[in-house]
Amino acid sequence: MTDSPYTGAISGTTRLYAVLGDPVAQVQSPGLLNPVFAGLGIDAVLVPVQVRPGDLVEVVRGLQRVGNLDGLFVTVPHKTAVAQLADRRSRTVEMTGSANALRREPDGAWLAANFDGSGFVAGLAGAGHSPRGRKVTLVGAGGAGSAIAAALLTAGVDSLSVTDPDGPRLTALVARLAEHWPGRVRAVSEPTLHDSDIAVNATPLGLRPGDPLPFPPGALPPGSVVADIIMKPRETPLLREAAALGHHVHHGMHMLTGQVDAYRTFFGLGVPRTDGRRARATSS
């Protein structure tokens with residue numbers, strides 16, 4: 001427990017978290033998680049840190065040596081590269097090759113995990129679009145896409161087709177997934193939309209003005225679900241066009257809100273420290 005009640009002000013006892021990305025203007029995690037810290041009375045703050053890909057190793061290694069930094073959140077384009085900078089990796093990270101969160105362990109080692117997939121599926125189910133038994137098309141086999149693919153298969157999709165312009169990356173991902181879910185996942189050169197119940201954009205397309213659509217929603221059957229993992233802008237061009245066609249749209253923010261409880265558990269938020277360092281919380 002802390003020596004005195006947390007007042008909400010940043011001080012010498014404040015624990016640090018950083019979210020790494022390039023760009024970072026679109027990140028929503030500080031606006032979501034800093035109020036969680038405050039509401040739980042946790043003396044901590046999450047800040048965005050813009051890191052170019054060429055600087056990632058140097059920045060991560062430096063942050064891992066900051067004594068009052070307890071965790072890292074990771075967004076595009078670093079989720080695959082950062083997985084290799086951890087000392088230990090969760091089963092999901094080993095399977096998908098990507099991570100979106102790293103925490104400092106009691107012995108000082110860093111553990112990588114990925115909650116993109118479980119958060120996406122939780123958000124999808126919470127919005128009434130359970131993927132169980134559905135045919136799903138996923139566009140993007142990068143850091144978030146690989147985690148989403150594994151989570152969709154875990155959730156019981158009937159079939160999953162995945163496409164990505166990086167052929168070797170796509171082939172490697174599908175091969176890893178097929179070891180666990182044989183016959184239910186396949187790599188395709190173009191999105192197979194004509195018989196899909198759910199189509200997911202897990203690429204950065206839509207993040208910047210002028211980006212092309214990741215896939216044409218008009219090729220989907222009527223009443224399909226179109227999901228985008230981009231959080232800002234909320235209404236991406238893909239979702240706007242899908243809505244105009246009468247499809248059900250699923251916004252990117254659902255993926256993050258679906259991860260909050262997992263983050264609290266992973267980082268021990270609201271739980272007193274037991275490793276000898278100063279406690280991060282005054283209440284559970």
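Predicted model: local features only at pLDDT ≥ 70, side-chain atom pairs only at ≥ 80, totals over all residues.
**Figure 1. The whole chain, before we zoom in.** Here are 10 helices and 12 strands in one chain. Its C-alpha atoms fill a box of roughly 60 × 35 × 35 Å along the principal axes. A compact globule of 284 residues would have a radius of gyration near 19 Å, and the chain has 19 Å, so the two agree. Buried residues make up 51% of the 284 residues. Take the contacts between residues at least 6 apart in sequence: 69% of them join residues at least 24 apart.

Figure 2. Look for Arg104, which stands opposite Trp110 in β6.

**Figure 3. Helix α1 and its two sides.** This helix covers residues 29–40, so to speak a run of 12 residues, and spans 16 Å from its first C-alpha to its last, close to the 16 Å expected at 1.5 Å a residue. Ser29, Pro30, Leu33, Val36, Phe37 and Leu40 are its buried residues. Viewed down the axis of α1, the buried residues fall within an arc of 135°, so they line one face of the helix. What covers them? Among the elements that do are β1, β2, β3, α9 (253–257) and α10. Gly31, Ala38 and Gly39, on the other side of α1, are exposed. Just past the end of the helix, Gly41 takes a positive phi of about 70°.

Figure 4. Pro23 sits in the loop between β1 and α1. Another cis bond joins Lys232 and Pro233, where omega is about 10°. To find Pro233, go to the loop between β11 (225–228) and α8 (237–244).

**Figure 5. A parallel sheet of 6 strands.** This open sheet has the order β9-β8-β7-β10-β11-β12, and its pairing is parallel. Which strands are at the edges? They are β9 (185–187) and β12 (248–250), and each pairs on one side only. From one strand to the next, the twist averages 20°. Helix α5 (residues 116–126) lies across β10, β11 and β12 and runs at about 140° to β12. Helix α8 also lies across β10, β11 and β12, and runs at about 165° to β11.

**Figure 6. Strand β10 and its two partners, β7 and β11.** On one side, β7 (residues 135–139) and β10 (residues 198–201) pair in the parallel sense over 4 bridges. In this pairing, Leu138 stands opposite Val200. Strands β10 and β11 also run parallel, and 4 bridges join them. There, Asn201 stands opposite Asp228. In a regular strand, side chains alternate between the two faces of the sheet. In β10, Ile198 and Val200 point one way while Ala199 and Asn201 point the other way. Are these four residues buried or exposed? All are buried.

Figure 7. Buried means under 20% relative accessible area, and Thr163 has 6%, so it counts as buried. Leaving aside neighbours within four places in sequence, Thr163 is in contact with Leu138, Val139, Gly140, Ala141 and Leu170, as well as Val188, Ser189, Glu190 and Pro191. Ala187 is 24 residues away from Thr163 in sequence, yet the two are 5.9 Å apart in space, C-alpha to C-alpha.

Definitions and conventions: Residues numbered from 1 in each chain as written. Heavy atoms only, no water. Pairing = 2+ DSSP bridges. Expected span 1.5 Å × (residues − 1). Buried < 20%, exposed > 50% of the residue type's maximum accessible area, 1.4 Å probe, protein only. Arc of directions from axis to C-beta. Contact = heavy atoms within 4.5 Å. Axes fitted to C-alpha atoms, helices over the stretch in contact; angles between N-to-C directions. Rg over C-alpha atoms; globule rule 2.2 N^0.38 Å.
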